[in-house]
Amino acid sequence: MPGSLVLDAIQGFGRFGLDTLSALGRFGVFLGQGLAWAVVPPVRVRQILQRIYFVGLRSMSVILLTGAFTGMVLGLQGMLMLQRVGSEAFVGPLVAIALVRELGPVLAALMVTGRAGSALAAELGVMRITEQIDALTVMAINPMRFLVVPVLVAGLVALPLLAWVFDAVGIFGGYLVTVKLFGMAPGTYFGQIRAFLSVDDIWVGFWKALAFGLVITWVACYKGFHVGHGAEGVGRATTEAVVLASVIILVLDYVLGSVLP
């Protein structure tokens, strides 16, 4: 009996490992097919612009609001902390570098995941359960090329732009707190940012935002394409898309932060 229990446990662990590897393989094949079709002409410019509007412009309000208050919180806490050691002049670089390298890309990606990623997964999930995707296949229209490629391209275009907007608004939010509330000279705030913020920091934020944009759209499209049956399946796929994309973003942020200069 104990030997049988051990054998069952080993079999269960092996089955879990094989299922995990199989799921990762399907994820990778799905992304590879999407990227491969993205470079095959003709380019569907209209669909891409529509998706950029959906992913990017319609997320602008939450990006502006989140970016402003993130910068204000960084400015407030940075000022309170650095005043203890007489280094409040360095609040500007603290706010700018934290936003450009880390918080801007990450928080912008998480906001877009919650707003656009969930909507994309639900939209494709409804199309799957109502057999609209199957109808495209019957009409000799490639669903990957027609539905997924515009979303992937939109994510690659929109996320870096949204991250830069987040950074700019956040830096201005830090300016409001440090200059208007604590009385720091505006020249000190922006002058120290110019002195310490480098082009490498901007490139790090750009590459992170680019990777996060691909992750959000990739996960959302995959979950929408492989949805379960009925409304319950759509709801589960939407939740899984948001959770999985958020976790991958946080893990990838650490990995890229360790690799990039």
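**View A. A nonpolar patch on the surface.** V243, V247, V251, Y254, V255 and V259 form this patch, with about 580 Å² of accessible area together. Patches are built from residues with over 30% relative accessible area and no salt bridge; like charges are joined within 9 Å, nonpolar side chains (Val, Leu, Ile, Met, Phe, Trp, Tyr) within 5 Å. Areas come from the Shrake-Rupley method with a 1.4 Å probe, and for residues only the protein chains shown count as cover. V251 sits in helix 9 (residues 230-259). V251 is partly exposed, with a relative accessible area of 48%. The classes are buried (under 20% relative accessible area), exposed (over 50%) and partly exposed (in between), with a 1.4 Å probe and protein chains only. The model is predicted: local features need pLDDT of at least 70, side-chain atom pairs count only at pLDDT 80 or more, and totals for chains, interfaces and linings use all residues. Residues are numbered from 1 along each chain as its sequence is written, and side-chain values use heavy atoms, with hydrogens and water left out.

View B. Helix 9 has 30 residues. From its first C-alpha to its last, helix 9 reaches 43 Å, close to the 44 Å expected at 1.5 Å a residue. The expected span is 1.5 Å times one less than the number of residues. Helices (H or I, at least four residues) are DSSP runs, numbered from the N terminus. The buried residues of helix 9 include G233, A237, A241, A245, I249, D253 and L256. An α-helix has 3.6 residues a turn, so residues three or four places apart point the same way. The buried residues of helix 9 pack against helix 4 (91-129) and helix 8 (199-225).

**View C. K223 and its neighbours.** K223 is found in helix 8. At 16% relative accessibility, K223 counts as buried. The side chains of K223 and E240 are joined by a polar contact of 3.2 Å. A polar contact is a pair of N or O atoms within 3.5 Å; within protein, one must be able to donate a hydrogen and the other to accept it, and residues adjacent in sequence count only if both atoms are side-chain atoms. K223 also touches F27, A237, A241 and L244, with residues up to four places away in sequence not counted. Contact means heavy atoms within 4.5 Å.

**View D. The salt bridge between R51 and E123.** The closest N and O atoms of this pair are 2.8 Å apart. R51 lies in helix 2 (residues 45-55) and E123 in helix 4, so the pair ties together parts that are 72 residues apart in sequence. R51 is buried at 15% relative accessibility. E123 is partly exposed at 31%. A salt bridge is a side-chain nitrogen of Lys or Arg within 4 Å of a carboxyl oxygen of Asp or Glu. The whole structure holds seven salt bridges.

View E. E102 and K208 meet in a salt bridge (2.7 Å, N to O). This pair links E102 in helix 4 to K208 in helix 8, 106 residues apart. K208 is buried, at 0% relative accessibility. E102 is partly exposed, at 30%. D253 also forms a salt bridge with K208, the closest N and O atoms being 2.9 Å apart. D253 lies in helix 9 and K208 in helix 8, so this pair ties together parts 45 residues apart in sequence. D253 is buried, at 13% relative accessibility. Salt bridges that share partners join E102, K208 and D253 into one network.

Notes: Helix = DSSP H or I, 4+ residues; strand = E, 2+ residues; numbered from the N terminus.
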